[in-house]
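Hello,

Here is the structure I promised to pass on to you. Please open it first, and then read on for what turned up in it.

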Amino acid sequence: LLCSVPSAAPINVRGHNTSSTSILVTWDEVPANEQRGNIRYYTVLYKETEGGVEKSIQVDSPAVSVELTSLKRYAKYSIQVSAATVKGEGPASVPITVSTKQGSK
């Protein structure tokens, strides 16, 4: 089996606020038949939905969670996750929206 980039994104991406300035993002692995090689790391892309600048954080596999910190209070963030093999990154997941406002779902 030739190694290439993953043909699918990590699945079940979810996030919940752990404080008014942080969000814990978790996800499940790319389905085995879509991995196309060993997953080396994941990239979590996030940005404030109201005109924010996109930022990213790299998470070495096999970890499947990361806490985004120093976020803006009471803001909504769009979050996506992609996986990478030695050949490069696969597609990003469908964006989810999570708010840092306390007590929100």
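**Glu48 and its surroundings**

Setting aside residues up to four places away in sequence, Glu48 touches Lys72, Ala75, Lys76 and Tyr77, where contact means heavy atoms within 4.5 Å. Before going further, a word on the basis: this is a predicted model, in which local features need pLDDT of at least 70 and side-chain atom pairs count only at pLDDT 80 or more, while totals for chains, interfaces and linings use all residues. Residues are numbered from 1 along each chain as its sequence is written, and side-chain values use heavy atoms, with hydrogens and water left out.

Glu48 lies in strand β3; strands (E, at least two residues) and helices (H or I, at least four) are DSSP runs, numbered from the N terminus. With a relative accessible area of 15%, Glu48 is buried. Here buried means under 20% relative accessible area, exposed over 50%, and partly exposed in between, with a 1.4 Å probe and protein chains only.

**Salt bridges**

How many salt bridges does the structure hold? There are two, a salt bridge being a side-chain nitrogen of Lys or Arg within 4 Å of a carboxyl oxygen of Asp or Glu. As background, side chains of opposite charge can pair when their charged atoms come close.

Glu48 is in strand β3 (residues 41-48) and Lys72 is in the loop between β5 (65-68) and β6 (76-85), so the pair ties together parts that are 24 residues apart in sequence. Lys72 counts as partly exposed, at 49% relative accessibility.

In the other, the side chains of Asp28 and Arg14 meet at 3.6 Å, N to O. This pair links distant parts of the chain, with Asp28 in strand β2 (residues 22-28) and Arg14 in strand β1 (residues 11-19), 14 residues apart. Asp28 is partly exposed at 27% relative accessible area, and Arg14 is partly exposed at 40%.

**The nonpolar core**

Which residues touch the most other members of the largest nonpolar core? They are Val25, Trp27, Val44, Leu68 and Ile79, out of 21 residues in that core. A nonpolar core is a set of buried Ala, Val, Leu, Ile, Met, Phe, Trp, Tyr and Cys residues joined through side-chain atoms within 4.5 Å. At least two residues of this core come from each of β2, β3, β5, β6 and β8 (96-99), and β6 gives the most, with four. In soluble globular proteins, nonpolar side chains tend to be buried together.

Leaving aside neighbours within four places in sequence, the contacts of Val44 include Trp27, Leu68 and Ile79, along with Lys55, Ser56 and Gln80.

**Backbone details in the loops**

A few backbone features are also worth a look. Ser61 and Pro62 are joined by a cis peptide bond, with omega about 10°. Pro62 sits in the loop between β4 (55-60) and β5.

In the loop between β5 and β6 you will find Ser70, a residue other than glycine whose phi is positive, near 55°. Ser70 counts as exposed at 68% relative accessibility. Tyr74 is placed in the loop between β5 and β6, and its phi is positive at about 50° although Tyr74 is not a glycine. At 55% relative accessibility, Tyr74 counts as exposed.

Enjoy exploring it!

Best wishes
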